[in-house]
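Visitor: I am new to reading structures, and I would like to know what the words rest on. Could you show me this one and take my questions?

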Amino acid sequence: MSPALRAYQYNLLAYKRTWRGSLTTTFLYPVLYLAAIGVGLGHLIDHGSNKAVGGVPYLWFLAPGLLAGTAMQIGANESTFPVMAGIKWLKTYFAMLATPLEVTDVLYGHLLWILTRVTLASGVFLAVMTAFHTVPSAWAVAAFPAAVLTGAAFSAPVMAFSATRETDRSFVVLYRFGIVPLFLFSGTFFPVTQLPGWLQVVARCTPLYQGVSLCRGLVLGRPGGWDALGHAGYLLVMFAGGVLAARVSYRRRLVQ
Amino acid sequence: MQARRLTKCFGEFTAVDAVDFDIHVGEAFGFLGANGAGKTSTMRMIACLSPISGGTLQVLGLDPMRDGPQIRSRIGLVPQDDPLDLELTVRDNLYLYGRYFGLPKKQLRERVDELLEFARLTERADERVDPLSGGMRRRLTIARALVSSPSLVILDEPTTGLDPQARHLLWDRLYRLKREGVTLVITTHYMDEAEQLCDRLVVMDAGRIAAAGSPRELIEQWSTREVVELRFEAEGHQVHGDRLADLAERVEVLPDRLLLYTDEGDATLDAVRSRGASPIAALVRRSTLEDVFLHLTGRSLVD
């Protein structure tokens with residue numbers, strides 16, 4: 001077994017003991033959001049005009065946005081506190097480094113685990129979406145890897161960031177000024193065309209916008225050629241850059 | 001293991017300053033020093049956790065900078081702070097650690113049972129680590145370091161913070177390892193521990209090696225055979241110290257007592273009495289490593 005997979009195995013075993021706690025974030029939240037905003041609020045919206053959301057029921061519009069937003073949240077969340085735990089609270093990273101495992105093994109093992117969590121959460125979310133009848137097109141299958149890619153694009157750079165932090169206070173700041181505004185204004189709940197001109201430009205440049213557009217296009221059966229490739233490329237570059245940055249910050253933090 | 005002018009710097013600060021030492025197969029070697037003397041930094045370099053800043057180091061005949069994973073696969077490290085996973089069971093902690101070494105599952109399960117027995121943790125095997133006492137956690141950390149049957153075990157202050165019963169149990173386990181031919185490298189600031197466990201040791205002070213040898217050699221070289229401790233009425237220690245200075249090889253005046261370093265404690269004490277000095281308490285004892293250590297590194301607090 002490759003060394004990184006040995007590090008991965010740790011998370012797998014630890015998760016077997018704590019998986020119940022993650023049920024809320026992976027399963028309950030999507031149901032609550034879809035029910036409250038999608039069905040409840042969507043009902044009101046659909047009585048007006050749904051032209052702005054592309055002529056589909058609001059629930060259909062919202063669900064893929066939430067899929068991408070959830071993937072981002074899981075990707076970012078799993079890359080903050082658990083990384084701090086590895087470095088400071090449980091020091092699992094240091095236990096690993098006393099064995100033949102190297103810094104990159106520790107990093108890749110953990111990253112792989114985070115991607116597993118994103119994959120699980122995205123899968124569950126798509127299943128819930130199907131149960132809510134919000135998946136009109138077979139293209140939606142491709143939204144699964146798209147959502148995972150969205151989570152991945154956030155996880156690696158956030159890991160790189162987390163490894164530079166001394167306390168978990170920065171994570172609150174990251175959420176307040178990063179993750180939450182992105183979640184609200186990247187086209188998740190309403191089309192960015194509703195924003196004032198210059199903010200539209202900003203919104204279109206955010207990473208979550210890429211994930212939302214990609215997932216929404218695929219779920220609604222309008223993948224959109226070059227645009228989709230552009231979104232995917234953006235996310236891939238962000239992921240790759242994050243991995244490179246994390247290699248540097250992990251080495252700096254763990255080897256002294 | 002061989003170190004020549006081994007150096008470790010953190011920015012401007014030199015934690016380990018050009019030290020030389022050799023550690024032979026099967027011996028128990030100690031690094032003695034106060035907090036901040038450079039023990040842990042030295043240890044981390046030996047364990048290939050920390051790159052060396054200068055000099056040369058060979059561990060198990062290999063180069064830590066190049067062969068890190070290979071060296072680490074043959075050593076067991078017991079760090080100071082027990083990085084155990086508190087949410088997992090005792091058994092899982094051992095099992096997972098073995099998996100990091102890539103040990104096959106079946107063989108590993110047998111090894112884990114052996115180690116649970118060795119660490120006297122069989123009854124707690126399937127409980128979480130969280131509620132275990134400090135002594136149990138330390139035993140678990142040591143057992144974990146042994147999972148790959150290493151030929152070299154590095155222990156960083158193995159008994160700090162443990163009660164006497166727990167310490168003696170640990171020492172017993174370390175003797176057993178030594179008998180099995182495992183090389184032990186131990187850092188400690190407990191002199192009795194160093195005297196008990198180490199065949200040879202070095203005393204570190206401010207990143208340098210102040211003295212090296214077996215506990216006996218160090219005492220012979222740096223102290224006298226015996227020490228007479230005298231306690232006088234308040235304030236008189238300096239005066240008495242000056243008056244009795246010629247009766248011993250060395251006299252040390254402390255705020256609460258006077259130490260006379262001499263080879264014949266009883267004879268010195270008789271001489272003290274015959275001069276008419278009447279201490280309120282007198283004690284003749286053998287020199288210990290602690291006397292050597294304090295002589296070499298001074299009595300002032302380091303931090």
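Guide: Gladly! Chain B is divided into domain 1 (2-212) and domain 2 (224-286), with bounds that come from an automatic or database domain assignment. This is a predicted model, in which local features need pLDDT of at least 70 and side-chain atom pairs count only at pLDDT 80 or more, while totals for chains, interfaces and linings use all residues. Residues are numbered from 1 along each chain as its sequence is written, and chains are lettered from A and ligands numbered from 1 in the order in which they are written.

Visitor: How far apart do the C-alpha centres of domain 1 and domain 2 of chain B lie?

Guide: Those centres lie 41 Å apart.

Visitor: Now chain A. Why is helix 1 of chain A called oblique to helix 6 of chain A?

Guide: Two packed helices are described by the angle between their axes and the distance between the axes. For helix 1 (residues 3-18) and helix 6 (residues 103-131) of chain A, the axes come within 7 Å and cross at roughly 50°. Axes are lines fitted to C-alpha atoms, for helices over the stretch in contact, and angles run from 0 to 180 degrees between N-to-C directions. Angles under 35 degrees count as roughly parallel, over 145 as roughly antiparallel, 65 to 115 as roughly perpendicular and the rest as oblique. The crossing at roughly 50° therefore makes helix 1 of chain A oblique to helix 6 of chain A.

Visitor: Which residues make that contact, and what kinds are they?

Guide: Among them are Leu5(A) and Tyr8(A) of helix 1 of chain A, and Leu112(A) and Trp113(A) of helix 6 of chain A. The contact residues divide into nine nonpolar, three polar and one charged. Here Ala, Val, Leu, Ile, Met, Phe, Trp, Tyr, Cys and Pro count as nonpolar, Asp, Glu, Lys and Arg as charged, and the others, Gly among them, as polar.

Visitor: What angle do helix 6 and helix 7 of chain A make?

Guide: The axes of helix 6 and helix 7 (residues 140-162) of chain A cross at roughly 145° and come within 9 Å. Their contact holds 12 nonpolar, five polar and no charged residues.

Visitor: How do you know that strand 1 and strand 2 of chain B pair?

Guide: Two strands pair if DSSP finds at least two bridges between them. Strand 1 (residues 2-10) and strand 2 of chain B have six bridges, in the antiparallel sense, so they pair by that rule. One of the bridge partners in strand 2 of chain B is Val16(B), which faces Lys8(B) as its partner.

Visitor: What makes strand 2 and strand 4 of chain B edge strands?

Guide: They belong to an open sheet of three strands with the order 2-1-4 and antiparallel pairing. Strand 2 (13-22) and strand 4 (54-58) of chain B each have a single partner strand, so one side of each is left without a neighbour in the sheet.

Visitor: Which strands pair with strand 8 of chain B?

Guide: Strand 3 (residues 28-33) of chain B pairs with strand 8 (residues 200-205) of chain B in the parallel sense over five bridges. Strand 9 (residues 208-213) of chain B pairs with strand 8 of chain B in the antiparallel sense, also over five bridges. Val203(B) is the bridge partner of Leu32(B), and Ala211(B) is the bridge partner of Val203(B).

How values were computed. Helix = DSSP H or I, 4+ residues; strand = E, 2+ residues; numbered from the N terminus. Contact = placed C-beta atoms within 7 Å.
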